[in-house]
Amino acid sequence: MLDRNATFDPATAEPAARHAEEILPCVAQGLTFEAGGKTIVDGIDVTLEQGPVTMVMGPNGAGKTVLVRLLHGMLEPTAGQVLWAGKPVGEENRKRQAMVFQNPVLLRRSVVSNIEFVLKLRGAGGREQAMEILRSASLDDKANQPARLLSGGERQRLAMARALATDPDVLFLDEPTASLDPASVLVIEDIVRDAHQRGVKIIFITHDLGQARRLADEVIFIHRGKIVERSPAKQFFNAPASREAKDYLAGRIVL
């Protein structure tokens, strides 16, 4: 299991200095995305600041994943724009971001080589640093195993470790613990907490209300492509302002 007293610092050979203020805030203005004759994200205006863990929630089909991919620059908006510290989405700011998907794609090589590859690109160290990262993700005993042979939970932990090995200022997470075993969920949540404590901006999609309560500082609730509520996590869970959020938290179908 993860050593909760250990820090997850992929750049162990150098100080873990964060300069997220140079990339944040992220500002979306009139952000719209249409596909197949449907409006999936509908004129969203939102500003994401350095600091809080931002949890993005809402029913299936609400537009959460599309919104995050637009912010990350993986999709081109139909209308509107995304600015990072006043600059349009581009290679300059995207290289300071990382994203972990629900179904990660790993390199067809060993577990440790997946980490070494990223560190080599950064010029940030070799096997020793890679093994430290794997220990923080409770994967050091799997280092020489082919990554494709890992279990689902282990694969996702490796994807998290590899994303943070890029030393990002912003980390997007799209339901990274969906359908995982409890032990892997625990490890991933600990990694997220540690990254946040080191100054990484976390933008996290989840359907897991317990997870959101454990990790969120603020909640953005999306329905039908629009933000219908944004509030501090405690307020959202104790006294949601919108009917849609009340229904969602009560386990009712949100139409």
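Figure 1. At 13% relative accessibility, Tyr248 counts as buried (buried means under 20% relative accessible area, exposed over 50% and partly exposed in between, with a 1.4 Å probe and protein chains only). This is a predicted model, in which local features need pLDDT of at least 70 and side-chain atom pairs count only at pLDDT 80 or more, while totals for chains, interfaces and linings use all residues. Residues are numbered from 1 along each chain as its sequence is written, and side-chain values use heavy atoms, with hydrogens and water left out. Phe221 is likewise buried, with a relative accessible area of 0%.

**Figure 2. Aromatic pairs that involve Phe221.** Rings of Phe, Tyr and Trp (its six-membered ring) pair if their centres lie within 6.5 Å; planes under 30 degrees apart count as stacked, over 60 as edge-to-face and the rest as tilted. By this rule the count comes to four aromatic pairs. The ring centres of Phe221 and Phe236 are 5.9 Å apart and the planes stand at 35°, so this pair is tilted. It links distant parts of the chain, 15 residues apart: Phe221 lies in strand β9 (residues 218-223) and Phe236 in helix α8 (residues 233-238). Helices (H or I, at least four residues) and strands (E, at least two) are DSSP runs, numbered from the N terminus. Phe221 and Phe236 are both buried. For Phe221 and Tyr248, the centres are 5.2 Å apart and the planes at 65°, so the pair is edge-to-face. Here strand β9 is linked with helix α9 (residues 243-249), across 27 residues. Phe221, Phe236, Phe237 and Tyr248 form one aromatic cluster.

**Figure 3. The largest pocket.** A pocket is an open set of points on a 1 Å grid over the protein atoms alone, with protein on both sides within 12 Å along at least five of seven lines; lining residues have an atom within 4 Å of a point. The largest pocket holds about 600 Å³ of space, a volume being the space filled by probe spheres set on the points, which are joined across faces, edges and corners. Its lining has 21 residues, of which Ala98, Met99, Arg162, Ala163 and Thr166 lie nearest the centre. Elements α2 (91-94), β6 (97-100), α3 (111-122) and α5 (152-165) each give two or more residues to this lining.

**Figure 4. The largest cavity.** A cavity is a set of grid points where a 1.4 Å probe fits but cannot get out. The largest cavity has a volume of about 40 Å³. Its lining consists of Val46, Leu48, Val56, Leu67, Leu71, Ile203 and Ile220.
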